[in-house]
Amino acid sequence: MEKAIVLGCSAIGAGLAMIAGIGPGIGEGYAVGKTIESIARQPEAQGDCTRTMFIGVAMAESTGIYAFVVALILLFANPFIKQL
Amino acid sequence: MDGVGQGPRVVFELFGWKCTETVVMGWLVIVIVAVLCKVLTSNLKKIPETKRQVIAEMLVKFVNNTVRSNMGEDMMAYAPYIGALLLYALLGSLISLVGLRSVTADFNTTLAMALITFAMITYTKIKYHGFGGYIKGFCSPIGFMLPLNLISEVATPASMAFRLFGNVAGGMVISGLVYGALGSLSAAIGLSFEAGSWAFNVFQVGIPAVLSVYFDLFSGTIQAYIFSMLTMVNVAAGKD
């Protein structure tokens with residue numbers, strides 16, 4: 001019974017953790033949109049713009065990736081089961 | 001949850017040391033890279049005659065140009081390492097296209113690569129500022145920023161390792177879940193034909209390939225590029 005509650009709550013927690021995916025989604029969308037704007041304004045700067053955008057997008061993605069790692073730990077390497 | 005994990009399987013055990021799939025695939029990638037280098041660079045001419053020399057020159061030029069524009073002319077010594085890192089991360093992710101397990105879907109691999117980057121950042125800082133300057137850099141701009149600077153120092157390799165691992169492992173987990181769900185779906189509608197222990201599910205044909213194009217091909221390539229890009233930017237940032 002206890003195990004079932006812990007497992008169920010962990011699954012809910014993993015789902016809640018992935019709400020963090022909203023933030024990086026919005027942020028990356030802004031970054032890509034601004035990059036396209038600047039490329040449209042100055043097509044010759046495409047290489048530099050794209051490279052900088054990739055770095056920025058990768059940075060913005062970190063929080064989403066952290067949330068994802070938390071969700072993975074809750075699902076596949078649950079630390080609470082061992083404490084029962 | 002036992003037996004549900006997506007971690008690497010243990011291939012064999014030698015005197016208590018567990019050799020996982022990641023190690024085997026890692027060595028496979030190393031062999032592929034070595035053979036590729038040998039084949040591409042054999043019998044070089046001053047004016048390229050063969051197709052493979054053109055390809056080799058293209059690869060080397062790409063890496064050299066990227067390193068030059070991101071790190072500057074005085075750090076061109078890093079170009080071979082960046083090229084090797086890019087090839088290893090790229091092939092390590094793309095190896096999942098042929099049904100093998102990605103090397104970079106194991107946190108140990110990505111953490112090892114990120115720790116090498118961390119060592120290079122520290123080396124660059126000490127080289128350009130001296131050991132005293134390196135220690136002093138933690139207390140800039142004022143003394144009480146020390147804890148924050150220490151955290152950001154550790155966060156760099158940690159976030160790099162988690163980013164590559166999270167993307168590749170996430171793609172793997174989602175592909176596996178969708179594959180299983182498609183199997184259940186075809187069984188529910190009655191489109192599953194069983195032949196002994198092997199089952200043929202109609203929906204499992206073709207549909208997972210679309211996911212594979214995104215998660216394995218696109219995501220793997222972009223993340224390998226981003227990892228080497230961040231390595232370059234962070235090491236070059238150690239100069240100032």
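Me: Before we look at any residue, what makes one count as exposed here?
Reply: Glad you asked! The count is of other C-beta atoms within 10 Å of a residue's own, with the C-beta atoms placed from the backbone. A residue with 20 or more is buried, one in between is partly exposed, and the cut-off for exposed is 12 or fewer. Keep in mind that this is a predicted model.

Me: Is K18(B) buried or exposed, then?
Reply: K18(B) sits in strand β2 of chain B, residues 17-20. Leaving aside neighbours within four places in sequence, K18(B) is in contact with V10(B) and E13(B). Because K18(B) has 12 C-beta neighbours inside 10 Å, K18(B) counts as exposed.

Me: Which residues does R9(B) touch, not counting those up to four places away in sequence?
Reply: R9(B) lies in the segment before β1 (10-14) of chain B, and with 11 C-beta neighbours inside 10 Å it counts as exposed. The C-alpha atoms of R9(B) and E21(B) are separated by 5.7 Å, although the two are 12 residues apart along the chain. With nearby sequence positions set aside, the residues R9(B) touches are T20(B) and E21(B).

Me: How many Å does helix α2 of chain B reach from its first C-alpha to its last?
Reply: This helix covers residues 51-71, which gives it 21 residues. At 1.5 Å a residue, a span of 30 Å is expected. The helix comes close to that, reaching 30 Å.

Me: Why do the buried residues of α2(B) line one face of the helix?
Reply: The buried residues in α2(B) are V63(B), V67(B) and M71(B). Covering them are elements that include α3 (79-94) and α6 (207-237) of chain B. Looking down the axis of α2(B), the buried residues line one face because they fall within an arc of 35°.

Me: How many nonpolar residues are in the contact of α2(B) with α6(B)?
Reply: These two helices pack at an angle of about 35°, with their axes 9 Å apart, and their crossing is right-handed. From α2(B) come V67(B), N70(B) and M71(B), while α6(B) brings M232(B), V233(B), V235(B) and A236(B). Sorted by class, the contact has no charged residues and 1 polar, and the nonpolar residues number 6.

Me: Which element gives the most to the side of chain B that touches chain A?
Reply: The contact takes 14 residues from chain B and 12 residues from chain A. On the chain B side, the elements giving two or more residues are α5 (146-189) and α6. With 6 residues, the element that gives the most is α5(B).

Me: What is the count of buried residues in α1(A)?
Reply: Helix α1 of chain A spans residues 2-17 and has 16 residues. It reaches 22 Å from its first C-alpha to its last, close to the 22 Å expected. This helix is hardly covered, and its count of buried residues is 0.

Terms used: Residues are numbered from 1 along each chain as its sequence is written. Chains are lettered from A and ligands numbered from 1 in the order in which they are written. This is a predicted model: local features need pLDDT of at least 70, side-chain atom pairs count only at pLDDT 80 or more; totals for chains, interfaces and linings use all residues. Helices (H or I, at least four residues) and strands (E, at least two) are DSSP runs, numbered from the N terminus. The expected span of a helix is 1.5 Å times one less than its number of residues. The arc is that of the directions from the helix axis to the C-beta atoms. Two residues are in contact if their C-beta atoms, placed from the backbone, lie within 7 Å. Axes are lines fitted to C-alpha atoms, for helices over the stretch in contact, and angles run from 0 to 180 degrees between N-to-C directions. A crossing is left-handed if the near helix is turned anticlockwise from the far one by less than a right angle, and right-handed if clockwise. Ala, Val, Leu, Ile, Met, Phe, Trp, Tyr, Cys and Pro count as nonpolar, Asp, Glu, Lys and Arg as charged, and the others, Gly among them, as polar.
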